[in-house]
Amino acid sequence: MNKVILDWNDITRLAGKLIAQLNPEDYDVVLAITRGGMIPGALVSEAMDLRNVMTAAVMFYQGEQQALEEPHFLQFPGDALLIGKRVLIVDDVWDSGKTALAVRERVAQAGGAPTVAVLHYKPKFSHFPEDAPDFYGEETDAWIVYPWDPERSREWGP
């Protein structure tokens with residue numbers, strides 16, 4: 001599989017492309033999917049001056065080729081925090097789509113109005129050809145290595 005290693009300038013550019021598509025007036029809360037969506041979620045919330053930021057702790061991948069059958073929710077905001085809210089769900093990548101769709105469904109079940117935004121959309125790998133993120137920075141079929149990925153940890157310090 002083609003691997004693309006991104007740096008922080010790439011992230012700034014992608015976040016800018018994503019933010020340009022969004023209207024801050026359309027959202028009450030940002031829900032960042034951990035862990036990959038935390039930095040994009042922070043960038044989006046800061047640029048759009050959305051201070052209500054929550055996280056959905058979801059585990060799906062166990063390495064490049066080891067995806068779990070279904071996403072496992074480790075933590076999720078209570079329904080009372082989502083009911084009636086326009087929720088911008090932010091993640092780094094829509095690969096199979098299972099994680100984003102599971103989070104979107106939970107937000108909808110809680111009474112929120114979900115919208116999904118990701119830095120990268122991989123339509124070739126999506127298990128849901130009839131569905132896609134509402135907004136994305138770029139399409140790709142590569143394995144993306146983000147600056148915050150664990151395999152880059154040796155770059156972070158001594």
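Let me begin with charge: the protein has 14 positive and 24 negative charges, and their mean positions lie 3 Å apart. Lys and Arg count here as positive and Asp and Glu as negative, with His and the chain ends not counted; each charge is placed at NZ of Lys, CZ of Arg, CG of Asp or CD of Glu.

What you see is a predicted model, in which local features need pLDDT of at least 70 and side-chain atom pairs count only at pLDDT 80 or more, whereas totals for chains, interfaces and linings use all residues. Residues are numbered from 1 along each chain as its sequence is written, and side-chain values use heavy atoms, with hydrogens and water left out.

I turn to the overall fold. The protein contains 4 helices and 8 strands, arranged along the sequence as β-α-β-α-β-β-α-β-α-β-β-β. These are DSSP runs numbered from the N terminus, helices being H or I of at least four residues and strands E of at least two. The C-alpha trace spans about 40 × 35 × 35 Å along its principal axes. Of the 158 residues, 46% are buried, meaning under 20% relative accessible area with a 1.4 Å probe and protein chains only; exposed is over 50%, and partly exposed lies in between.

Which residues have the most contacts inside the largest nonpolar core? They are Leu31, Ile89, Val103 and Val107, in a core of 19 residues. Such a core is a set of buried Ala, Val, Leu, Ile, Met, Phe, Trp, Tyr and Cys residues joined through side-chain atoms within 4.5 Å. Two or more residues each come from strand 2 (29–34), strand 3 (53–61), strand 5 (86–94), helix 4 and strand 6 (113–121). Helix 4 gives the most, with 4 residues. A second, separate core has 18 residues, including Val30, Ile144, Tyr146 and Trp148.

Finally, threonine 99 lies in helix 4 (residues 98–109). Is threonine 99 buried or exposed? Threonine 99 is buried, because its relative accessible area is 12%. Beyond residues up to four places away in sequence, threonine 99 touches Ile33, Val58, Phe60, Pro71 and Asp91. Lysine 3, in strand 1 (residues 3–5), counts as partly exposed because its relative accessibility is 39%.

Definitions and conventions: Contact = heavy atoms within 4.5 Å.
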